[in-house]
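Here is a short briefing on a structure. The points are grouped by topic below.

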Protein chains: 2
Amino acid sequence: MQDALRRFKADIFQALAHPTRIAILEFLGEGELSAGALMEKLGMEQANVSQHLAVLRAKQLVVNRKVGNQVFYSVRDPIINKVLQLMRRYFHAHLKEAMDMLGEMEKPVAGAK
Amino acid sequence: MQDALRRFKADIFQALAHPTRIAILEFLGEGELSAGALMEKLGMEQANVSQHLAVLRAKQLVVNRKVGNQVFYSVRDPIINKVLQLMRRYFHAHLKEAMDMLGEMEKPVAGAK
DNA sequence: ATTATATATTCTAATATTATTATATACTGG
DNA sequence: CCAGTATATAATAATATTAGAATATATAAT
């Protein structure tokens, strides 16, 4: 069971582990948005955004409701926003190292990347 | 910049996105441990644990100090523990769906899984 | 010096994730 | 019904991550 719980958490983190999906969640943190609106804000391909939304849906991080032609998305549980908030704090606490990490982007650590 | 920030966050989440690494961080949450002790607790191959530690090190989620023969690890910033705590709350809030998700483990969603 | 112990790295095959392109579905207005 | 708009899915090629086996390095003990 302990292990199942960890797999669950890992799955959620996996869903969070993409800049586009983080952007989506951050935009949705300010309120409900249609898929099209998100696409606009992100400035990305329709199909790509839709796929990332599918990932977030699969892990139930977002919910959607259909209104006529459009599909509106929102974050299911504000805890997720809190997690992202914590990450912001973490980022600021380690700004310097973070910048370095972003700069290199290619440290030759085995198995890592 | 906004985008760099999101890449940074995504990278951290990526590092968290594995059950073994979550287990490692949770064990370390209770206090410093040697690589060997972790290996014991996890019941996994030495090389495998070492690789996961390398990932956590690369993202600076853990720090290590060498004492003679051994290497002791600890969590660098307690914010990470808070994140894991929040995930526990999230898990409990959605226990039922979580169980379902773990049960299936193979929903055919495009781009996902 | 030799052997033993603790930990890290390299290599590799299997698997998963990603962006892109093409196509499909669903709803709306005429 | 037909055309148009909004969104989702499928297929695919490029890339990344994973576990496991083999090997390397560093320290300690004899």
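Just after helix α2 of chain B, Gly31(B) has a positive phi of about 140 degrees. Helices here are DSSP runs of H or I with at least four residues, numbered from the N terminus. This is a predicted model, in which local features need pLDDT of at least 70, side-chain atom pairs count only at pLDDT 80 or more, and totals for chains, interfaces and linings use all residues. Residues are numbered from 1 along each chain as its sequence is written, chains are lettered from A in the order in which they are written, and side-chain values use heavy atoms, with hydrogens and water left out.

**Helix α2 of chain B**
- Because 10 of the 11 residues of α2(B) (residues 19-29) are buried, this helix is largely enclosed by the rest of the structure.
- Buried means under 20% relative accessible area (1.4 Å probe, protein chains only).
- Among the buried residues are Pro19(B), Arg21(B), Glu26(B) and Phe27(B).

**The interface**
- In contact (heavy atoms within 4.5 Å) are 51 residues of chain A and 52 residues of chain B.
- The area buried between the two chains is about 5,300 Å², and carbon and sulfur atoms give 73% of it.
- Buried area is the accessible area (1.4 Å probe) that two parts lose on being put together, summed over both.

**Salt bridges**
- The interface of chain A and chain B holds 4 salt bridges, each a side-chain nitrogen of Lys or Arg within 4 Å of a carboxyl oxygen of Asp or Glu.
- Arg6(B) forms a salt bridge with Glu26(A), with the closest N and O atoms 2.8 Å apart.

Notes. Buried means under 20% relative accessible area, exposed over 50%, partly exposed in between (1.4 Å probe, protein chains only). Helices (H or I, at least four residues) and strands (E, at least two) are DSSP runs, numbered from the N terminus.
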